[in-house]
Amino acid sequence: MTAFRFVLVALLLIGVGALQAQTPPPRPVGPAVWIPPQPGQQPIRLDEVSIQIQTAGFIARTRIELSFHNPNARVLEGEFVFPLAAGQTVSGYALEVEGRMREGVVVPKQTARVAFEDISRQQIDPGLAELTKGNVFRTRLYPIPARGNKRVALSFEQIMPLEGGQYRYLLPLAFEQSVARFSVRAEAALGAAGGTVASPDPALRFDRSGQAWIAGFTREGVQPQRELAFAIPGGAGDAEQLEAADALEPAWRSVLAQIDSGRPATLKALPAPRRIALFVDASGSAAQRDLARERAVLQRYLAGLGEVEVALLAFRDAAEAPRRFRLRRGDVGALMEAIAALPLDGGSSYGAVDLSVVPDADLMLVLGDGLSNFAAADPKLGTGAPRLFVLHAAQQADHAALERIARRAGGRVLDLLQLDADAALAALTRPEWRLLSTEVLAGRCEQLLPQAPLAVEARLLLSARCEGRARLRLRFGQAGQGEVVRELQVGADDAVDAALGETVHRLHAQARIAELERAAKPDADAIAALGTQYGVVTRHTSL
């Protein structure tokens with residue numbers, strides 16, 4: 001049988017730069033168990049990583065199981081950390097207890113803390129998992145048996161973006177140690193598969209098996225350092241949607257739809273900026289970003305502008321005085337050397353991003369992860385701020401804070417772990433294409449997200465809750481220019497099966513949670529209630 005090929009690439013590239021020794025040592029950037037080092041203690045080894053991926057339409061569900069080995073003669077306690085990419089929603093967590101994998105339950109954070117203390121007093125070793133700042137999943141591992149193994153498993157779900165007619169799956173994997181055995185198994189539902197895509201790795205072939213396309217590989221003694229990525233052909237037409245019936249109120253459905261925004265392929269490029277305010281986060285957490293990737297995109301962009309003035313403002317808990325560079329004929333050498341020479345230390349405050357220091361700027365660029373741990377967290381942009389873009393290549397980032405910053409000034413966040421350089425450069429030079437309005441023409445729908453007006457890309461993910469049959473109309477375009485109208489029918493087709501339906505409900509809840517988290521003062525009670533109801537791990541719930 002002819003093999004069906006997907007792009008499936010395990011990128012084992014340049015490692016994260018070593019950090020300078022500190023006391024205490026920094027937590028790891030990628031998936032790992034962190035244990036404070038002690039004299040004579042051997043490090044924990046990562047014996048096995050097994051990744052299971054299932055896709056249906058534009059949704060991907062992932063389970064990753066890791067087995068850690070303790071080579072020491074005594075029992076150890078550690079902390080397992082796993083950075084999540086933007087848009088990944090934790091849906092499950094399991095910990096090995098007495099040789100069996102035990103699944104966690106989502107509860108409000110305070111309830112979990114009380115239960116943890118009560119169980120600990122009974123001389124039982126409980127597991128407590130939480131989502132921490134920087135979108136990092138963290139859980140206590142105890143006991144890690146002397147000269148024995150401990151297993152932990154994490155499940156999460158995500159929407160796959162559509163790029164070039166293909167849905168793209170991406171899983172960041174910046175391990176800080178080698179893995180004795182690393183295996184991947186990916187399964188795509190047959191309905192999502194059509195056409196042929198060549199893979200650069202001939203060993204990674206998807207073959208048809210029943211109602212699915214399946215691929216897998218096993219590697220030994222590897223150290224994954226970038227992303228695991230693959231692409232599957234996307235659906236045709238202006239929209240692809242998934243609907244899940246509510247078990248308690250069957251007339252209601254959660255709806256997720258990928259909609260073609262109608263953005264013209266040949267939008268006229270914006271006039272080149274003449275004065276750019278470049279704010280660079282030089283705090284200690286910057287050492288955990290892929291600075292080489294960030295600077296490569298920045299250098300290409302600035303070199304293509306010809307003549308431009310750049311005000312460089314490095315910031316940590318406060319901003320340094322601006323240093324001005326006049327770039328001519330694409331010569332960005334002095335500026336890039338100044339950025340590379342910045343010492344990376346101290347805390348960070350995004351309140352130090354102050355546009356009033358460079359009031360003549362006609363574009364703002366921010367390089368940073370959004371992690372504020374000192375003073376104010378929101379930039380001082382004032383009124384009439386120029387367009388603002390945030391660029392970052394960080395596995396640990398405050399995605400909600402970055403979105404809030406970019407939206408305030410009509411820009412967007414360019415996550416360079418998910419966008420290649422060409423896509424990022426195109427976004428920097430394109431005029432805005434916007435969702436102008438969303439209207440319910442027939443039936444009843446609520447909780448429509450995102451809310452208009454909003455800058456959008458070629459595809460928009462719409463999330464809603466609708467009763468019975470309904471019809472929605474979305475208008476896209478540019479102010480004062482032509483418009484594109486899309487209509488969406490809800491309730492006409494069968495709902496997805498129960499297993500996929502749970503994922504659809506959960507991702508709709510996550511869209512609502514993300515909207516709440518982007519507020520200047522997020523409603524913690526509302527976020528906790530949604531997380532508990534739909535089994536979503538948030539900053540206000542625990543497993």
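**View 1. Contacts between helices H6 and H7.** In H6, residues His505, Arg506, Ala509, Arg512, Ile513, Leu516 and Glu517 meet Ala526, Ile527, Leu530, Gly531 and Tyr534 of H7 (contact: heavy atoms within 4.5 Å). The model is predicted, with local features needing pLDDT of at least 70 and side-chain atom pairs counting only at pLDDT 80 or more, while totals for chains, interfaces and linings use all residues. Numbering runs from 1 along each chain as its sequence is written, and side-chain values use heavy atoms, leaving out hydrogens and water. The axes of H6 and H7 (residues 524-534) lie 10 Å apart at an angle of about 170°. H6 is therefore roughly antiparallel to H7 (angles over 145 degrees).

**View 2. Helix H6 and its N-terminal cap.** H6 (residues 498-517) has 20 residues and spans 28 Å from first to last C-alpha, close to the 28 Å expected at 1.5 Å a residue (1.5 Å times one less than the number of residues). At its N-terminal end the cap is Asp497, with a side-chain oxygen 3.2 Å from the backbone nitrogen of Ala499.

**View 3. The ring pair Phe315 and Tyr350.** The ring centres are 5.0 Å apart and the planes stand at 80°, so this pair is edge-to-face (centres within 6.5 Å, planes over 60 degrees apart). Phe315 belongs to strand S21 (residues 308-315), and Tyr350, 35 residues away, to the loop between helix H3 (333-340) and strand S23 (363-367). Phe315 is buried at 0% relative accessible area, and Tyr350 is buried at 1% (buried: under 20%, 1.4 Å probe, protein chains only).

**View 4. A phenylalanine cluster.** Ring pairs join Phe68, Phe80, Phe82 and Phe156 into a cluster. The whole structure holds 7 aromatic pairs.

Conventions: Rings of Phe, Tyr and Trp (its six-membered ring) pair if their centres lie within 6.5 Å; planes under 30 degrees apart count as stacked, over 60 as edge-to-face and the rest as tilted. Helices (H or I, at least four residues) and strands (E, at least two) are DSSP runs, numbered from the N terminus. Buried means under 20% relative accessible area, exposed over 50%, partly exposed in between (1.4 Å probe, protein chains only). A polar contact is a pair of N or O atoms within 3.5 Å; within protein, one must be able to donate a hydrogen and the other to accept it, and residues adjacent in sequence count only if both atoms are side-chain atoms. Axes are lines fitted to C-alpha atoms, for helices over the stretch in contact, and angles run from 0 to 180 degrees between N-to-C directions. Angles under 35 degrees count as roughly parallel, over 145 as roughly antiparallel, 65 to 115 as roughly perpendicular and the rest as oblique.
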